[in-house]
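Colleague: Could you pick one part of this model and take me through it closely? I'd like to see how it sits among its surroundings.

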Amino acid sequence: MAIIHISLQAKGGVGKSFLALMLSMFYRHIERPVKIFDTDPANATLFGFSALNAEKFEIMKKDDIDKRLFDRLFSQILSATDDVIIDVGANAFIPLCSYIISNNLITMLTQEGHQVIIHASIVGGQNLKHTVNGFDALCSQFPESTGFVIWLNPFWGEIEFEGKSFEKLKVYEKHKSRIRSIIKIPEWDASLHGRDLAAMLEKQKTFDEALASEDFSIFERQRLNIIKNEMFQTIETAQIV
C-alpha cells in the first residue's frame, strides 16, 4: 500500500536529516502525496520547513523518551495510504529501534502491505567507520523484509577505507541483497554551491522557495537550481519512490 521511509543512523551529525529533507523535497517536486513525521526531540529539522507540512511528533514525557508514545505514531503509519517519511534523531535512535524490534513492527507493516525502507547515511572522514558499523548493526537487527537505501555523503571526506570504496567493503558484500539502491550525493564546490545550499537550509527554505526568493542572488539561484536538478535526478534514478 505505502512505502515507509525511515531515516536511521546511530551516529549524530552525519547528514541523516539532510537525506530525509532531500527525499521530502523530491516527493513535493513530483507532486506525490507523502506524510512526513519529525521525531527528533532535540532538533526538529523537517518540521522547521513549513512548505513540507511535516508533523512534529512529540516522543518526550517530562525529561525522557516514552516508548509507549510510538504507539500513536505507528497506528497512523499502519493505516497509511500515502507514502511516509520518518526522520529519527540520534537521541531517539535506540528507543525507536527497541520499540520496532520488541513489537515485531516490520512484520506488522509488511502484513498490511507496506514496504519498509531504512535510509542510512554513510560519510567519509573520521565517522566512516561509525556509520558503516551502524548500517551493519541495523541489518543484523531488522528482519530480511526490510530494505535499505545507502546515501553516500562525501561532505566530510572521501568515502573509502584502505583504498576501498563502499561497494568493495565486506559490509557491502555481507548485506548487498538487502540494499535497494545506493544514492551518491554529488560533490559540489564547497565555497560556492556548498555555501548557497547551507544558506538555503539555514533559512529553512525548499529549493522551490529559494529559487523564487529575492533573498538569493541570480547566481546563487542558478547554483541552487543545479544542486536541485542533480540531487533529484540521483533520487529518481534510484527508483525508490
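Modeller: Let's start with Leu-21, which counts as buried at 3% relative accessibility (buried is under 20% relative accessible area, exposed is over 50%, partly exposed lies in between, with a 1.4 Å probe and protein chains only). Before going on: this is a predicted model, so local features need pLDDT of at least 70 and side-chain atom pairs count only at pLDDT 80 or more, while totals for chains, interfaces and linings use all residues. Residues are numbered from 1 along each chain as its sequence is written, and side-chain values use heavy atoms, with hydrogens and water left out.

Leu-21 belongs to helix α1 (helices are DSSP runs of H or I with at least four residues, strands are runs of E with at least two, and both are numbered from the N terminus). Setting aside neighbours within four places in sequence, Leu-21 is in contact with Thr-45, Leu-46, Phe-49, Leu-52 and Leu-201, where contact means heavy atoms within 4.5 Å. Asp-208 is 187 residues away from Leu-21 along the chain, yet their C-alpha atoms are separated by 13 Å.

Now for the sheet. It is open and has 7 strands, in the order β3-β2-β6-β1-β7-β8-β11, with parallel pairing (two strands pair if DSSP finds at least two bridges between them). The edges are β3 (55-56) and β11 (179-184); each has a single partner strand, so one side of each has no neighbour in the sheet. Helix α1, residues 16-29, packs on this sheet and touches β1 (3-7), β2, β6, β7 (115-123) and β8 (147-153). The direction of α1 makes about 155° with that of β6 (axes are lines fitted to C-alpha atoms, for helices over the stretch in contact, and angles run from 0 to 180 degrees between N-to-C directions). Helix α5 (residues 128-141) also packs on the sheet, touching β7, β8 and β11, and its direction makes about 160° with that of β7.

The part I'd look at closely is β6. Strand β2 (residues 34-38) runs parallel to β6 (residues 83-87) and is joined to it by 5 bridges. Across that pair, Lys-35 stands opposite Val-84, and Phe-37 stands opposite Ile-86. β1 also pairs with β6 in the parallel sense, over 4 bridges, and there Ser-7 has Asp-87 as its bridge partner.

How covered is β6? It is mostly covered, with 5 of its 5 residues buried. In a regular strand, side chains alternate between the two faces of the sheet. In β6, Asp-83, Ile-85 and Asp-87 point one way, Val-84 and Ile-86 point the other way, and all are buried.

Phe-74 is in contact with Ile-86, Leu-96, Tyr-99, Ile-100 and Leu-105, leaving aside neighbours within four places in sequence.

Not counting residues up to four places away in sequence, Phe-135 touches Gln-9, Ala-120, Ile-122, Phe-148, Ile-150, Phe-166, Val-171, His-175 and Ile-179. Tyr-172 lies 37 residues from Phe-135 in sequence and 9.7 Å from it in space, C-alpha to C-alpha.

For contrast, take Glu-31, in the loop between α1 and β2. Glu-31 is exposed, with a relative accessible area of 71%, and has a positive phi of about 55° although it is not a glycine. Most residues other than glycine have a negative phi.

Stepping back, the protein chain has 9 helices and 11 strands, and 50% of its 241 residues count as buried. Of the contacts with a separation of 6 or more, 73% involve residues 24 or more positions apart.
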